[in-house]
Amino acid sequence: MPVEITWWGHATCTVEDSGTRVLTDPLFARRLAHLRRRRGDVPPPRATEADAALVSHLHADHLHVPSLAGLADGTRVVLPRGARAAVPGLRRLRHLRFVEVVPGDEVRIGELTVRVVPARHDGRRLPVGPHRSPALGFVVEGAARTYFAGDTGLFDEMADVVGAVDVALLPVGGWGPFLGHGHLDAGRAAEALARLAPRSAVPVHFGTYWPIGMDAVRPHEFHAPGEEFVRQAALQAPDVAVHLLAQGEGVRPEVAK
């Protein structure tokens with residue numbers, strides 16, 4: 001069965017591999033605090049259908065309690081160690097099966113193995129809270145090896161800890177006029193792509209949410225990252241097939257035989 005990636009917007013993707021559906025950083029809201037969804041419809045109910053959800057870190061646009069609440073009974077949620085202590089709202093979601101992990105752990109989900117890898121990002125539940133939970137990335141291994149980076153900056157050992165992958169889901173932007181420390185912009189994401197050398201890549205974490213009332217402030221940071229990543233990837237990693245998706249669009253990337 002071909003591997004299929006569907007991008008629902010921001011960092012939310014469905015990875016379907018070997019008959020198993022894995023959802024990344026579920027965020028199904030039209031509005032989140034001061035952010036509103038500016039592009040793409042709120043994902044349809046079928047987007048919540050998953051055998052497991054992977055949560056990369058505790059920031060509210062990645063660990064969104066109301067979105068997790070909409071997952072079906074018994075869905076496994078793989079998230080950083082300490083998350084339930086740091087985010088009290090998770091304790092109300094008794095219908096879900098939580099698995100707290102750290103880099104180096106592996107979790108079996110159906111026919112897939114999810115390998116937990118480090119990310120370089122502030123893992124706290126902001127704006128307050130101790131730094132108790134690590135930011136994570138995940139490699140979903142089945143018919144393909146799909147790397148979901150979560151939120152991360154570029155770091156020297158990235159290729160070594162991630163290993164060989166077929167598909168990379170890389171963040172290329174953000175949700176505001178400026179990217180803080182621990183993020184990839186289009187250029188740094190293309191550099192990461194060159195280091196990882198997958199067969200295919202899908203840019204994520206851009207062009208979906210934006211602060212209310214700030215549409216005219218540095219609008220290129222909302223509109224440009226996806227196309228800029230395609231341009232930069234062609235220069236830095238020309239052998240990688242880059243799939244620039246619209247929200248709700250899917251692709252069956254080429255993987256190794």
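With a relative accessibility of 46%, Arg81 counts as partly exposed. The model in which this residue is described is a predicted one. Arg81 is located in the loop that joins strand 7 (76–80) to helix 2 (83–86). When residues up to four places away in sequence are not counted, Arg81 touches Glu100, Val101, Val102, Asp105, Arg132, Ser133 and Pro134. Its C-alpha atom is separated by 12 Å from that of Gly104, a residue 23 residues apart from Arg81 along the chain.

One of the residues touched by Arg81 is Ser133, which is found in the loop between strand 10 (112–118) and strand 11 (136–141). Ser133 is buried, since its relative accessibility is 2% and the cut-off for burial is under 20%. The side chain of Ser133 reaches two backbone atoms: the oxygen of Arg81 at 2.8 Å and the nitrogen of Ala83 at 3.5 Å. Apart from neighbours within four places in sequence, Ser133 is in contact with Leu58, Pro80, Arg81, Gly82, Ala83 and Gly123.

A buried threonine also has side-chain contacts with the backbone. Thr12 belongs to strand 2 (residues 12–17), and its relative accessibility is 0%, so that Thr12 counts as buried. A polar atom of the Thr12 side chain lies 2.7 Å from the backbone oxygen of Asp25, and a polar atom of that side chain lies 3.1 Å from the backbone nitrogen of Leu27. With residues up to four places away in sequence not counted, the residues that Thr12 touches are Thr6, Trp7, Leu23, Thr24, Asp25, Pro26, Leu27 and Phe28.

| Side chain | Backbone atom | Distance |
|---|---|---|
| Thr12 | oxygen of Asp25 | 2.7 Å |
| Thr12 | nitrogen of Leu27 | 3.1 Å |
| Ser133 | oxygen of Arg81 | 2.8 Å |
| Ser133 | nitrogen of Ala83 | 3.5 Å |
| Asp185 | nitrogen of Gly187 | 3.3 Å |

Helix 4 spans residues 186–196, and its buried residues are Ala186, Ala189, Ala190, Ala192, Leu193 and Leu196. These residues lie on the same side of helix 4, because the arc they cover around the axis is only 155 degrees. An α-helix has 3.6 residues a turn, so residues three or four places apart point the same way.

Just after helix 4 comes Ala197, whose phi is positive, at about 55 degrees. Ala197 is in the loop between helix 4 and strand 14. Its relative accessible area is 53%, so Ala197 is exposed.

Ala33 is another residue other than glycine with a positive phi, near 55 degrees. This alanine lies in the loop between strand 4 (31–32) and strand 5 (35–37). Ala33 is exposed, because its relative accessible area is 57% and exposure requires a value over 50%.

Arg94, in the loop between helix 2 and strand 8 (97–101), is exposed, with a relative accessible area of 74%. The C-alpha atoms of Arg94 and Ala69 are 9.3 Å apart, while the two residues are 25 residues apart along the chain. Pro219 occupies the loop between strand 15 (209–211) and helix 5 (220–223), and it counts as partly exposed at 32% relative accessibility. Between the C-alpha atoms of Pro219 and Gly207, twelve residues apart along the chain, the separation is 9.9 Å.

Finally, the largest pocket has a volume of about 330 Å³. Its lining consists of 18 residues, and those that lie nearest the centre are His34, Leu35, His59, Asp61 and Trp175. By class, the lining of the largest pocket comprises eight nonpolar, eight polar and two charged residues.

Methods: Residues are numbered from 1 along each chain as its sequence is written. This is a predicted model: local features need pLDDT of at least 70, side-chain atom pairs count only at pLDDT 80 or more; totals for chains, interfaces and linings use all residues. Side-chain values use heavy atoms; hydrogens and water are left out. On a 1 Å grid over the protein atoms alone, a cavity is a set of points where a 1.4 Å probe fits but cannot get out, and a pocket is an open set with protein on both sides within 12 Å along at least five of seven lines; lining residues have an atom within 4 Å of a point. Grid points are joined across faces, edges and corners, and a volume is the space filled by probe spheres set on the points. Ala, Val, Leu, Ile, Met, Phe, Trp, Tyr, Cys and Pro count as nonpolar, Asp, Glu, Lys and Arg as charged, and the others, Gly among them, as polar. Buried means under 20% relative accessible area, exposed over 50%, partly exposed in between (1.4 Å probe, protein chains only). Helices (H or I, at least four residues) and strands (E, at least two) are DSSP runs, numbered from the N terminus. The arc is that of the directions from the helix axis to the C-beta atoms. A polar contact is a pair of N or O atoms within 3.5 Å; within protein, one must be able to donate a hydrogen and the other to accept it, and residues adjacent in sequence count only if both atoms are side-chain atoms. Contact means heavy atoms within 4.5 Å.
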